[in-house]
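Colleague: Before we discuss the cavities, the pockets and the ligand, may I see the sequence and the structure?

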Amino acid sequence: MKYLSTNKQSPAATLREAVVKGLAPDGGLYMPENIPPLPQSFFDRLYDMDLPEMSFHVASHFLGEDIPPADLKQMVYDTLDFPIPLVHVHDRLYTLELFHGPTMAFKDVGARFMARLLGYFTARRQQEITVLVATSGDTGSAVANGFYRVPGIRVFVLYPKGQVSAIQEKQFATLGGNITAIEVNGTFDDCQRMVKQAFGDEELNERLQLTSANSINWARLLPQSFYYFWGVAQMGKNAGKIACAVSSGNFGNICSGLIAKRLGLSISRFIAATNVNDVVPQYLSEGTFKPRPSVATIANAMDVGNPSNFARIAELYGHSHKNICADMEGFVCTDDQIRATIREVYSRWKYLPDPHGAVGYRALKSYLDQHADHSGFFIETAHPAKFTEAAEEATGEKIRLPDNLARFAGRTKQAEELSADFEILKTFLMN
Ligand SMILES: *Cc1c(COP(=O)(O)O)cnc(C)c1O
């Protein structure tokens with residue numbers, strides 16, 4: 001299968017090129033040239049397969065021509081060696097808990113798969129690969145841990161100083177080895193811009209084999225589609241119409257869900273739930289896409305002012321606002337609403353969502369209240385203990401860190417501080 005840039009100015013790429021480059025030379029994002037539906041035989045068995053088996057089928061559908069089945073199977077099974085349970089919250093409302101991986105956020109799925117795929121490609125070449133990633137929190141930890149000690153790969157994590165939680169920072173800024181953390185005096189959007197500039201810089205690209213591990217990389221997006229099938233399978237044969245709310249920032253997660261739908265998965269409604277950084281919900285209601293600087297919220301992994309995967313969603317729907325709106329609607333939450341939701345869900349239903357999950361919960365609840373014929377699940381994107389303050393405020397209790405997170409707590413930070421200036425980053429990387 002070939003991959004095409006959403007900007008249409010670059011030649012078609014092979015899987016290897018798309019994954020190693022990350023971003024297309026014209027600045028666009030790679031999409032598979034076509035997305036044929038999965039065969040009926042797959043859906044006939046949907047309720048009989050486990051997560052890795054169904055994921056392997058989806059992976060083979062896209063990557064089967066490029067990677068031998070035994071290697072691909074290994075990658076998929078290694079990636080998904082933790083559970084992704086569907087948990088009943090109340091009434092027709094469920095949550096798909098994606099936080100049982102090593103860094104306790106959904107990004108583990110994409111990062112672990114990408115590390116294995118890149119490792120597969122580099123094992124067959126000599127040149128070292130340099131991974132550049134901008135993070136508002138969870139990407140950095142998932143990527144750093146997914147790639148830690150993978151031979152032939154160096155990772156640089158750029159993050160906005162003072163804008164990620166202490167535990168998040170510990171997860172990517174204390175590893176050392178092949179992982180270097182760069183603390184940028186600026187916003188997440190500055191970090192993302194600097195990474196994009198790096199990919200466009202000829203001199204830097206001659207010196208280093210650069211790749212991006214942000215959700216602009218197809219290798220992260222594809223595996224995220226797996227768990228939408230698993231979510232629907234766990235809802236059961238008699239679930240009827242299913243809605244799915246996805247707390248969104250860069251819109252990679254929901255884009256993977258929309259791809260699953262294009263493959264034939266029956267989710268009748270997607271709800272793009274955001275904090276007050278609501279560029280996409282505004283697009284959905286008004287028809288124009290107007291990026292703007294992000295503002296800080298308590299759901300900080302969604303503080304994105306120019307969501308990069310919107311380009312993929314637009315491409316998937318032929319740039320038609322009407323077609324996009326046929327599958328997806330928006331929902332916006334303020335910080336006060338997020339806090340109130342966490343408190344309410346915890347006191348009423350004894351379920352503790354994290355601030356990001358709370359946005360998804362509220363969006364889904366509102367949709368289900370208006371659609372009595374639907375049931376649905378929201379994606380719980382991170383473990384609530386990662387956002388200790390919000391959790392403790394809502395419950396009035398001290399939150400115990402799960403072992404996966406506690407193991408980072410005592411480590412010392414080792415980060416390089418840089419100003420939000422591409423030339424300074426470039427000099428740093430060249431040395
Ligand atoms: C990254 C992240 C999001 C947003 O996901 P996107 O794919 O960027 O839309 C939501 N919640 C958490 C906890 C995250 O880490």
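Modeller: Let us begin with the second largest cavity, whose lining consists of Q192, V195, K196, N214 and I216. Please bear in mind that this is a predicted model.

Colleague: What makes these residues lining residues of the second largest cavity?

Modeller: A lining residue must have an atom within 4 Å of a grid point of the space. Q192, V195, K196, N214 and I216 line the second largest cavity, so each of them meets that cut-off.

Colleague: How does that lining divide by class?

Modeller: The lining of the second largest cavity has two nonpolar, two polar and one charged residues. Val and Ile count as nonpolar and Lys as charged, so V195 and I216 are the nonpolar members and K196 is the charged one.

Colleague: What volume does the second largest cavity have, and how many cavities are counted?

Modeller: The second largest cavity holds about 40 Å³ of space. The count takes cavities of 30 Å³ or more and comes to two.

Colleague: What is the volume of the largest cavity?

Modeller: The largest cavity holds about 270 Å³ of space. Its lining has 26 residues, of which F106, K107, G249, N250 and A301 are the closest to its centre. By class, this lining has nine nonpolar, 14 polar and three charged residues.

Colleague: Which helices supply at least two residues of that lining?

Modeller: They are α6 (138-147), α10 (218-224) and α12 (252-262). With three residues, α12 gives the most to the lining of the largest cavity.

Colleague: Which molecule takes up the space of the largest cavity?

Modeller: The ligand does: the space it takes is the largest cavity.

Colleague: Which residues around the ligand are the closest?

Modeller: The ligand is surrounded by 15 residues, and K107, D138, G249, N250 and T381 are the closest. By class, this shell has five nonpolar, eight polar and two charged residues. Lys and Asp count as charged, so K107 and D138 are the two charged residues of the shell.

Colleague: How much of the ligand does the protein bury?

Modeller: The ligand taken alone exposes 380 Å², and the protein buries 97% of that area.

Colleague: What makes the largest pocket a pocket and not a cavity?

Modeller: A pocket is an open set of points, whereas in a cavity the probe cannot get out. The largest pocket, with a volume of about 440 Å³, is therefore an open space. Of its 25 lining residues, S165, T297, I298, N300 and F387 are the closest to its centre. Both α7 (166-173) and α18 (388-395) supply at least two residues of this lining, and α18 gives the most, with four.

Colleague: Which residues lie nearest the centre of the second largest pocket?

Modeller: They are K21, L23, P25, F199 and N205, out of 13 lining residues. This pocket has a volume of about 260 Å³, and α8 gives the most to its lining, with three residues.

Definitions and conventions. Residues are numbered from 1 along each chain as its sequence is written. This is a predicted model: local features need pLDDT of at least 70, side-chain atom pairs count only at pLDDT 80 or more; totals for chains, interfaces and linings use all residues. Side-chain values use heavy atoms; hydrogens and water are left out. A residue is near a molecule or strand if one of its heavy atoms lies within 4 Å of it. Accessible areas come from the Shrake-Rupley method with a 1.4 Å probe; for residues, only the protein chains shown count as cover. On a 1 Å grid over the protein atoms alone, a cavity is a set of points where a 1.4 Å probe fits but cannot get out, and a pocket is an open set with protein on both sides within 12 Å along at least five of seven lines; lining residues have an atom within 4 Å of a point. A molecule sits in a cavity or pocket if more than half of its atoms lie within 2 Å of its grid points. Grid points are joined across faces, edges and corners, and a volume is the space filled by probe spheres set on the points.
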